[in-house]
Amino acid sequence: MRRLILGQKEATALRSRCDRLERMLFTTDFSQVSEYAAGYACTLACQNRSRLYVLHVIDTSNESAGFYVPHVSFEKLDKEMLPAAQRLLKGFALKAFKDCKNIELRVLIGEPYKEIVKFIKGNKIDIAIMATGRKSGIDRFLFGSTTERVLRKADCPVLIVPPAK
């Protein structure tokens, strides 16, 4: 087992970076697991007096795979989905983050893990908080996990909250 040994200077620098959790990101898919994880995000944001970004990504990664809607373009669907997702996010936030003061809601369109990673970089997020379902076996193999992909590619720590027991 390898161990990382830090000198006083390195340990102080690492601690000071962890002390500055000014910008936090919470991602949601509006699931029950996400509602549960929102409590952790709210608590962390309040304790650190952080700005909390609450993000939902409308998944368009598989929109055309075997999917046909007559006489409706995908652009029109995206335009209709965006206001609906914004309403859902606002309702979710009113319920889950009623005790948080400094939150900002965002809805993006695209492949979720890519949009989340871009958001983290573009907004200099200090920590991301994500819920995870317990996907296993063939589902994980075929579809992967947004949380796992973000964890591998993010420039910041990612706190993963499992479902309540």
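Let's start with Arg51: at 26% relative accessibility, this residue counts as partly exposed (buried is under 20% relative accessible area, exposed over 50%, and partly exposed in between, using a 1.4 Å probe and protein chains only). Keep in mind that this is a predicted model, where local features need pLDDT of at least 70, side-chain atom pairs count only at pLDDT 80 or more, and totals for chains, interfaces and linings use all residues. Residues are numbered from 1 along each chain as its sequence is written, and side-chain values use heavy atoms, with hydrogens and water left out.

**Salt bridges overall**
- A salt bridge here is a side-chain nitrogen of Lys or Arg within 4 Å of a carboxyl oxygen of Asp or Glu.
- That rule gives seven salt bridges.

**Arg51 and its partners**
- Arg51 pairs up with Glu104 in a salt bridge, and their closest N and O atoms are 2.6 Å apart.
- Arg51 sits in strand S2 (residues 51-59) and Glu104 in strand S3 (residues 103-110), so this pair ties together parts 53 residues apart in sequence.
- Strands (E, at least two residues) and helices (H or I, at least four) are DSSP runs, numbered from the N terminus.
- Through shared partners, salt bridges join Arg51, Glu104 and Arg106 into one network.

- Glu35 is partly exposed at 33% relative accessibility, while Lys95 is exposed at 56%.
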